[in-house]
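Please read the points below beside the sequence and the structure, taking one element at a time.

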Amino acid sequence: MAEQKSYLEKRAKSRVPVKIPVQYQLVEDPRELQNFHSRTALAKDLSLEGMYIKTDKTVQIGDVFRLDISVPEDSRQLFAFAEVMWVHEGGAGLKLMLMATEDATFLKKYLEKA
């Protein structure tokens, strides 16, 4: 029987340890985004493709979130959509699905410095 690879081995981009506040909202109905009521989580690691968030709220695999990511030492908020890929007690692994080109460029530069 073949061994299963861990999530770390499947990642194309390595993650950088961080402590960044992230606002997230479950996207169930796009019209709800107009009344953005977010929850706060703490991103513990981050790459151009995903992140791990520590949260006390229940999330499920397959949930799609709208994210506002606060970048330390800058007043910039990065906007993205992400899908929950795995969940465990106290946190979840997210795959970034959509991010504006300028935000992705800024994030890449930030991660290269970290």
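1. In this predicted model, strand 3 and strand 6 (residues 91-99) pair in the antiparallel sense over 5 bridges, where strands are DSSP runs of E of at least two residues, helices are runs of H or I of at least four residues, and both are numbered from the N terminus. Two strands are said to pair if DSSP finds at least two bridges between them. Within this pairing, Met51 stands opposite Leu94 of strand 6.

2. Strand 3 also has a partner in strand 2 (residues 39-46), which runs antiparallel to strand 3 and is joined to it by 4 bridges. Asp45 stands opposite Tyr52 of strand 3, and the two strands form a hairpin with 3 residues between them.

3. Is strand 3 (residues 50-54) mostly covered or mostly open? Of its 5 residues, 4 are buried, a word that here means under 20% relative accessible area, with exposed meaning over 50% and partly exposed in between, for a 1.4 Å probe and protein chains only.

4. The largest nonpolar core has 27 residues, and those that touch the most other members are Met51, Leu67, Ile69, Leu94, Leu96 and Leu107. Such a core is a set of buried Ala, Val, Leu, Ile, Met, Phe, Trp, Tyr and Cys residues joined through side-chain atoms within 4.5 Å. At least two residues of this core come from each of several elements, including strand 4 (64-70), strand 5 (77-88) and helix 2 (101-113), while the largest share, 5 residues, comes from strand 1.

5. Ser47 lies in the loop between strand 2 and strand 3, and Ser47 counts as buried because its relative accessibility is 3%. The side chain of Ser47 reaches the backbone nitrogen of Glu49 at 3.0 Å.

6. For the whole protein, the secondary structure comes to 2 helices and 6 strands, which follow the pattern α-β-β-β-β-β-β-α along the sequence. Of its 114 residues, 39% count as buried.

7. On reading the values, please note that residues are numbered from 1 along each chain as its sequence is written, and that side-chain values use heavy atoms, with hydrogens and water left out. As the model is predicted, local features need pLDDT of at least 70 and side-chain atom pairs count only at pLDDT 80 or more, whereas totals for chains, interfaces and linings use all residues.

Conventions:
A polar contact is a pair of N or O atoms within 3.5 Å; within protein, one must be able to donate a hydrogen and the other to accept it, and residues adjacent in sequence count only if both atoms are side-chain atoms.
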